[in-house]
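Welcome! Take a moment to look over the chain before reading on.

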Amino acid sequence: MPTVLYKQYKIKKDFCLSEGIDKAFTLQLLLQDANPDIRFLAARSLVTQNPPPDVVATLIKLLATDNEPLRQSIATRLDKLRHPRLIPVYREALNHQSHYVRNYAAECYGLFATAGELPAFVNLLKDAHPAVRCTAIWAIVRISKSGAIPSIINMLGDEDPQVNKYLTLSLDKIIVAL
């Protein structure tokens with residue numbers, strides 16, 4: 001790494017790791033940095049500051065990265081921020097192009113959703129990615145066991161074996177609970 005780039009990296013890294021100053025605005029800018037290490041450090045620092053919903057929305061979009069360790073680390077830190085006040089953020093993220101973002105948003109939204117919000121999860125049952133469909137099934141069953149039966153029956157025979165397995169397990173869980 002050339003000396004100038006290293007110095008820039010070091011300054012950004014030190015800033016992200018510093019404590020005791022209000023740095024939310026600059027950290028939000030660093031979330032767009034070209035260096036994934038700087039984006040990770042900025043995200044980690046922002047999460048500890050109980051950020052507002054618009055910043056959480058930006059952090060959730062970082063889950064679209066192909067860097068698995070970075071994605072896992074961001075998700076772990078975001079898990080500490082799960083809160084009903086973020087439902088609009090989660091709802092908006094259900095339409096993101098990345099299945100990682102959609103899946104995470106469905107999981108968070110499913111924790112706080114009520115029966116009136118079932119249609120959002122029923123729509124996710126048509127998602128192209130199997131993990132998102134499984135998370136939608138989980139959320140539907142969590143929100144309304146009896147309301148989940150028609151959706152689950154309609155999905156039986158899904159082209160993905162994991163989804164079918166999850167459907168069967170969910171249906172068994174519903175039958176036992178009723």
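## Surface and overall build

How much accessible surface does the protein chain have, and what share belongs to carbon and sulfur atoms? The accessible surface comes to about 9,800 Å², and 57% of that belongs to carbon and sulfur atoms (areas by the Shrake-Rupley method with a 1.4 Å probe; for residues, only the protein chains shown count as cover).

This is a predicted model, where local features need pLDDT of at least 70 and side-chain atom pairs count only at pLDDT 80 or more, while totals for chains, interfaces and linings use all residues. Residues are numbered from 1 along each chain as its sequence is written, and side-chain values use heavy atoms, with hydrogens and water left out.

The protein chain has 11 helices and zero strands (DSSP runs numbered from the N terminus: helices are H or I with at least four residues, strands are E with at least two). Of its 178 residues, 44% are buried (under 20% relative accessible area, 1.4 Å probe, protein chains only).

## One face of α10

Helix α10 spans residues 145–155, and its buried residues are A148, S151, I152 and M155. Seen down the helix axis, they fall within an arc of 100°, so they line one face of α10 (the arc is that of the directions from the axis to the C-beta atoms). These buried residues pack against α8 (118–124), α9 (130–143) and α11 (161–177).

After α10 comes G157, with a positive phi near 95°.

## α9 beside α11

The axes of α9 and α11 are 9 Å apart, at an angle of about 5° (axes are lines fitted to C-alpha atoms, for helices over the stretch in contact, and angles run from 0 to 180 degrees between N-to-C directions). That makes the two helices roughly parallel (angles under 35 degrees).

Definitions and conventions
Buried means under 20% relative accessible area, exposed over 50%, partly exposed in between (1.4 Å probe, protein chains only). Contact means heavy atoms within 4.5 Å. Angles under 35 degrees count as roughly parallel, over 145 as roughly antiparallel, 65 to 115 as roughly perpendicular and the rest as oblique.
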